Amino acid sequence: MTIARRDLFAGLIAGAAAPALAGAAPAPHAEPAPGSPTWGRGPEGQRTADLGDGTFLNPIVAGDHPDPTILKDGGDYYMTFSSFYSYPGLVIWHSTDLVNWTPVGPTLFKPLGAIWAVDLVKHQGRYFIYIPANPDDGGWSIYAIWADDIRGPWSDPIDLKIEGCIDPGHVVGEDGKRYLFTNGVRRIRLTDDGLATDGVLEKAYEPWRYPDDWVVENFAPEGPKLLRRGDWFYLVTAVGGTAGPVTGHMVIAARSRSVQGPWEHCPNNPLVRTVSEAEPWWSRGHGSLVEGPAGDWWMVYHGYENGFRTLGRQTLLAPVEWTPDGWFRVLGGDLSRPMAKPGGGRAGPSGRPLSDDFSVDRMGVQWAFHDPAADEAGRAVYEPGGLRIRGRGASPADSSPLTCIVGDRGYEVEITLELQGEVEAGLLLFYNHKAFVGLGFTASALKTFEYSEELTWARQSHDARAMRLRIGNDGNVVTYHYSYDAGRTWRRHDTRMEVSGLHHNVFGGFLSLQVGVYSAGDGAVVLKDFTYRALTKT
């Protein structure tokens, strides 16, 4: 069966190689370094926020899950995040306590190019996602998809033709009409069904300005999220730039009794901001308010982990305090310490195992193609015993690899790859086509990639149509092993690599360093027995 379905919601080297390690087993998990944060542990040792004693330690969704948009739907909570060039994309996550989250499934199957900060809403029983997209780099517009069940099926995207805008935020005004706010901050009225515009784009609010001597990336008002509480509309906005200097990004707020304004700046601005490189979370911003299970209030936002920009912007949770004057403050400080979990919730599972025998379709839930062509889904076919990926391009640089987000500071992955035809395949740590490292092979040679290029001097001749490859990433230091006998014996690759610079501030794109599998050339590769384990000492 192919993966192009609508119901995909499944619950280098130099010289001689190092000596073979007969029956070598992975090193045991080490104890955390003194003074390092201690998280809960989930499947395969993956870190989890829930500490099991009524407290949690951020992040609540580890790894590349930026620009969180959150929906309270009765006793359930749903979130989704910017998915950029990954397809299937816009994966819905579910929680009942705001701390433990699991993926439900993807909502966007048709490639629209880069997907930035979206808004997930429910209106009159129907679910909507408003999506800024840039198909074929032809210019940004806002699209909409909808579903009567959040688990799908979801509609194809509808272009609302709100051109040159990103970061939509939906609200129903005091007049009962629907509006989108966008970066800027601008506003446009929608039709009652929410699937077309019914007015013109106009300036809505001039955001609060920080002092001129603050070190930020740029002003960049974006990510407007709106909430009606009592007689007030609250507008929560990000300013300062989402990357660049660690002190740049921040959350600010304003309020008005009408979506038409005027808007009053919050006296507590900025509500969230990193103020020192010593803090555990950098570039904190892009917040959304949500009511907790017990009626208390919280904010979700994102940030880069100190020293681990490669993981992308991760989802963070902090308590909110409403003050007698009708404003609010965001508590939790720099998020360096555990905090009490939201009251009244029911803890559920956190994350899911990443190890995959490819017997169940996990496209979107775990795996996604990077920057695929319109027909890319047809490259992948589940077969008995594995996942077959048809080749594309000539190397990792143009192959549209299959990728998987990771959220641990250290981890080890393995996979068996079997070649069919004149194909090349391999296991990567992949940021984008300009930034990746890894091992690849053809039937006649083992290849090494560093800084997005093959190290041709390190190529080794061999005669092999199947290999098992292992990548260990321990605190941004990468070690490779490879096996010709299905993992019974291993050889360590002679070269290690340091990858801490493979992130947005160097290569752009707002992405993360993900596990990737590429298939290039004529023929196909069969993926078998992918395993993941976290290295808990980092």
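Contact is taken here to mean heavy atoms within 4.5 Å. The model is a predicted one, in which local features need pLDDT of at least 70 and side-chain atom pairs count only at pLDDT 80 or more, while totals for chains, interfaces and linings use all residues. Residues are numbered from 1 along each chain as its sequence is written, and side-chain values use heavy atoms, with hydrogens and water left out.

Arg-468 is placed in strand 39, which covers residues 466–474; strands (E, at least two residues) are DSSP runs, numbered from the N terminus. Apart from neighbours within four places in sequence, Arg-468 is in contact with Glu-414, Ile-415, Thr-416, His-481, Tyr-482, Ser-483, Ala-486, Gly-487, Trp-490, Lys-528, Asp-529 and Thr-531. One of these residues, Glu-414, is joined to Arg-468 by a side-chain polar contact of 2.9 Å. Such a contact is a pair of N or O atoms within 3.5 Å; within protein, one must be able to donate a hydrogen and the other to accept it, and residues adjacent in sequence count only if both atoms are side-chain atoms.

Arg-468 counts as buried, at 4% relative accessibility; buried means under 20% relative accessible area, exposed over 50%, and partly exposed in between (1.4 Å probe, protein chains only). Asp-474, also in strand 39, is partly exposed at 24%. Its C-alpha lies 6.9 Å from that of Arg-409, although Asp-474 and Arg-409 are 65 residues apart in sequence.

Ala-114 belongs to strand 10 (residues 114–115) and is buried, with a relative accessible area of 4%. Beyond four places in sequence, Ala-114 is in contact with Phe-84, Tyr-85, Pro-132, Ala-133, Asn-134 and Trp-140.

Four strands form an open sheet in the order 15-16-17-18, with antiparallel pairing; two strands pair if DSSP finds at least two bridges between them. Strand 15 and strand 18 (202–203) stand at the edges with a single partner strand each, so one side of each is left without a neighbour in the sheet. Strand 15 is joined to strand 16 (residues 178–182) by four bridges, and Gly-169 has Phe-181 as its bridge partner, while Val-171 has Tyr-179. The hairpin of these two strands has five residues between them, and Gly-176 there takes a positive phi near 80 degrees.

Four bridges also join strand 16 to strand 17 (residues 186–189), where Thr-182 stands opposite Arg-186. Three residues separate strand 16 and strand 17 in their hairpin, and Gly-184 in the turn has a positive phi of about 140 degrees. Within strand 16, Arg-178, Leu-180 and Thr-182 point one way and Tyr-179 and Phe-181 the other, and all are buried.

Strand 15 (169–172) also has a part in the largest pocket, supplying at least two lining residues, as do strand 5 (69–73), strand 11 (119–123), strand 19 (222–229) and strand 24 (281–291). On a 1 Å grid over the protein atoms alone, a pocket is an open set of points where a 1.4 Å probe fits, with protein on both sides within 12 Å along at least five of seven lines; lining residues have an atom within 4 Å of a point. The lining comprises 22 residues, of which Ile-70, Leu-71, His-170, Leu-226 and Leu-227 lie nearest the centre. Strand 11 gives the most, with five residues.
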